[in-house]
Amino acid sequence: MGKKQKKQQRKVTPIVLTGLMALGISSFPAGAAGTTVHASAQESLLVTENFDQLTGEALPNGWKLIEGQAAIVDGKLQLTSPATSKPSRVLIPLEEETGDYVFEADMTFISAVEDTRWASMMYRVQDSNYPYYQFAVRRGTTALNGLEFAMRTEQNVWNVPEKTFYPESFQFGKSYHLKIVAKDNRVQQFVNGQLVIDTDLAAKWSNGDVGFQAAGVTVQFDNVKVTTTSEELPPLENSKAFLAEEPETNIVNAPTVISNFENVGEIKNSQDVSSMILPVRTNELDELFVNETPLSDVMEAMKGKMIPIFQVQDESSIAPLQAFIKEKQLQDIHVLSSEAELVKQLKEGTPFARGTVLYTKNSLNKHDLKELALEIHESNAKVAAIPQKLLTPEVVHYLHSRTISVWGVGGESESDAHTLIHLGVDGIIAENEQAAVAAYSQYPKNTIVQRPIVAAHRGVPSLAPENTMAGYQLAYDLGADLIETDVHRTKDGHLVIMHDYTVDRTTNGTGAVADLTLEQIRALDAGIKFGPEFAGEKVPTFKEYLQAFKGKDVVLLVENKATGIAEQVMKEIEEEGMTDQVLIQSFHLGEIIKSDEVNPTVGIGYLFSAGVPGTTEARLKDAQKMLSYASGMNATLNASYGSLSEEFITYMRQRGMMNMHWTYRNEQHLGNQLEQGIIGPITDYTQWLTDVPIRLETPIKKRNLKVGDTADIQAKAFMHYREDKKENIETKLFVSGDQDTVTVEGNTIKALKPGKVNVFVTHTFTAHGKEWNLVAEPVEVNIQ
């Protein structure tokens, strides 16, 4: 289209649009695959502007520069602001008095003082200045407040009730399509067709003008359009975060129950099922079905009740499914496939979706397990779905240590469900969910079936100097599943282990790590301040740390403390051939994103700390936002334990996200959150969990008795994940079922009358201020 033709699209007020020209809530930028746009009524086009025939400081007719600098550059409106204290703002007065409209434009960052600076689209602007609402976009959009629904109040100050992120930082010179749909008190804000903010907090001002703003950036806007809308936005409760129903149980951190779709009626009648697998297919018209039911009907039935898991086995289904997800504005979704590449492809278009790889081979040896873990990370998934017959506690522990959740496929009978529970899985894809649910109700109070995995924070700084080889070796000897460390770079470009930015606190030297050479740092004593028995301990190099544990049954949790070191850290990991034995985490978002770019087979985690919201609804909303954030980066959410709520912990487990949490130095706090279901504590006190048995195991699963017979039922304890060694331990029996069928004394049962009961061997112990029952898989006792 030439400039002359484009010019005819300049501002026209009003004209009437119908059908595909109207942009309602389901509209997306041109080219969105499978998108169909319809309008429920005729709408007015209030503004359309592409600036092609303008230049210099002359703005389009009627537009106003409120403050700062604005000009037409290369056929685009360019706003320039040197600082947030000196913003630039342009107002677009609307001839029709309305606030129910769709306001959209293409936005391009040209420069920014720093990544926290922003530009915005203002709407419902009052009195040609303020108050108003705005859709603000920081240059660093991957920050937790990268995108905002904000208000400039009557007092001319900011109020920011809604904030979120975008999976990628906006690149300089790249255009992004922004859209605002405002109707009554409801507002939806979109980036490139993806709903990013959905709120009902726009009740103060019901109409007003629109405009643009820059704060500490130079930004361009183009292809501006404002269209009235009469289309009602969907009720906000449709997108509310929720916790799905779960079986009543005394099991701590019990696996979530997942069922397979059969029909819509089953969804309505299901009890205690958190997620449902939907095998999606397309017909010849690219319409989506689950079995013979339209996918839209299935989603309507599941809304607010279950978490959808879209199973995709055909590449042709991906584009229609991505379009469907956008059209329905779905965010709390999961995708599953036996083809890891299909998971990756679908997530590339819907990055907030969570991924599961279904394992379909007939065996799972050590090599297979290693390859599976690498494949899951590389495909941007976080869950492995594995048939029950291939699962062992060792397989689950291997994957957990790499922050991969495990869903066991099986659960055909109640006995199968017990087996899966005791394997330590995070979810049961149940062939018979009623049988699975029945198993959950039988366990004694505060049941644990496996000890949680433990990450030794900087070694064991409660017993040895932090971040030293002596501390790391002690952590390994105490049975740590992961050993955490911190990496900096020296003045002469070497990677060394140090938590602080200076050497002052932990060594006999002074100065910033970045200002000292490797030789200078290696001359320091890193143990003498802890105690004379550790005199002479050196500051380890990163390679020394890697080489000490290469090939050992432990995972290294590496925190990139400095910035700009991601590529070098990954290079040294690769040189040692340890990509299967390392996880990367950082407070610096850029570090983990770069790590994932360099080698996506290595798992990453985002470290953060935040306050806990005051209401249940707010805590769930926070969990929903953070999970979308993590999914967009393919990272775990390694939050401080003070950031956690019980809702957050449960929300993550139901959705297959396994996170590590720091730093437990208070045993009571650790006990409280273990009870709530955390699985990956990072602690200075690895010894707190060293003497806790890993699991109990009974030699038999069934006993047949006659009335009057007695039987001893025993179990042995595994004390260490790395040693296949069992020990005798003090236990007692717990009976589930008809209590009149048997009597129990210690580890002996006596059959009283015909019937069937489950008998659990339990080891009761006190730790972290709580009493726990470590429970073995039940023995089915049949009495004749």
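Student: Which strand holds Asn-758?

Tutor: This is a predicted model, where local features need pLDDT of at least 70, side-chain atom pairs count only at pLDDT 80 or more, and totals for chains, interfaces and linings use all residues. Residues are numbered from 1 along each chain as its sequence is written, and side-chain values use heavy atoms, leaving out hydrogens and water. Strands are DSSP runs of E, at least two residues, and helices are runs of H or I, at least four, numbered from the N terminus. Asn-758 sits within residues 755–767, strand S45.

Student: Is Asn-758 buried or exposed?

Tutor: Buried means under 20% relative accessible area, exposed over 50%, and partly exposed in between (1.4 Å probe, protein chains only). Asn-758 comes in at 11%, so call this residue buried.

Student: Which side chain makes a polar contact with the side chain of Asn-758?

Tutor: A polar contact is a pair of N or O atoms within 3.5 Å; within protein, one must be able to donate a hydrogen and the other to accept it, and residues adjacent in sequence count only if both atoms are side-chain atoms. At 2.7 Å, the partner is Gln-442.

Student: What is the relative accessible area of Thr-741?

Tutor: Thr-741 lies in the loop between strands S42 (732–737) and S43 (742–745). Its side chain has a polar atom 3.0 Å from the backbone oxygen of Asp-738. Thr-741 is buried, and its value is 1%.
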